[in-house]
Amino acid sequence: MKTSIKTQLIRSLVAALTALGLLAFLLWYTQRPPTMGGDFKLNHNGQAWQFSENAKKLNLLYVGYAKCPDVCPMALSYSAQAFKQLTEKERENVQLIFISVDAENDTAESVSVYAHQFNPEFIGLTGTTAEIDAAIKPFGASYIVEKDPKSYLGYSISHTDRVFVLNKKGIVVDSIQSPRSADEITTKIKENL
């Protein structure tokens, strides 16, 4: 009988310690600082451009391509509207970076012109396929180029439709999935500035 009580006490103690360990792990996991993102280097308007040398206090990153017929123009238009809702001081501390993943068809110059059409302060970047892949992988962004003879371009690119909000070190601190509201983007900027 004494052995049975002792065994139950040991089992209860082991179960309680296991539960405490699991709770401690969950607290650590949810409280740890974000780690996705980092520095990257691409081409801006014919010149080498490195994030760490050009970062602002807050940076929005969007991945797409200049000939995108739908989601890229919407995301950049809403972002441009959001920037208009900021104060001058807030605009000084934030920038939008557009990375084109269409290495075969978008030149550094055409991506720069494309980004500037939405806002003269937007940064348009691109590079070789290897450079683009190295730049976007740390953010969890992706894309797939698909041949599509029925489309006007003869191809389309499925890509991540998310605005990544980066701190000065390039670490993702927030994001906006399918950005379709200038007010939502403005709110995220103000929350993270």
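Residues are numbered from 1 along each chain as its sequence is written, and side-chain values use heavy atoms, with hydrogens and water left out. Because the model is predicted, local features need pLDDT of at least 70 and side-chain atom pairs count only at pLDDT 80 or more, whereas totals for chains, interfaces and linings use all residues.

Helices (H or I, at least four residues) and strands (E, at least two) are DSSP runs, numbered from the N terminus. Helix H6 covers residues 129-136, and Ile132, Ala135 and Ile136 in it are buried, where buried means under 20% relative accessible area, exposed over 50% and partly exposed in between, with a 1.4 Å probe and protein chains only. Seen down the axis of H6, these buried residues fall within an arc of 85°, so they line one face of the helix; the arc is that of the directions from the helix axis to the C-beta atoms. On the face turned away from the buried side, H6 carries the exposed residues Ala130 and Ala134.

The cover over the buried residues of H6 includes strands E1, E3, E4 and E6, with contact meaning heavy atoms within 4.5 Å. Of these, E3 has seven of its seven residues buried, so it is largely enclosed by the rest of the structure. Leu58, Leu60, Tyr62 and Gly64 lie on one side of E3, with Asn59, Leu61 and Val63 on the other.

| Pair | Sense | Bridges |
|---|---|---|
| E3 and E4 | parallel | seven bridges |
| E3 and E8 | antiparallel | three bridges |

Within these pairings, leucine 60 stands opposite leucine 96 in E4, while asparagine 59 has leucine 166 in E8 as its bridge partner.

Terms used:
Pairing = 2+ DSSP bridges.
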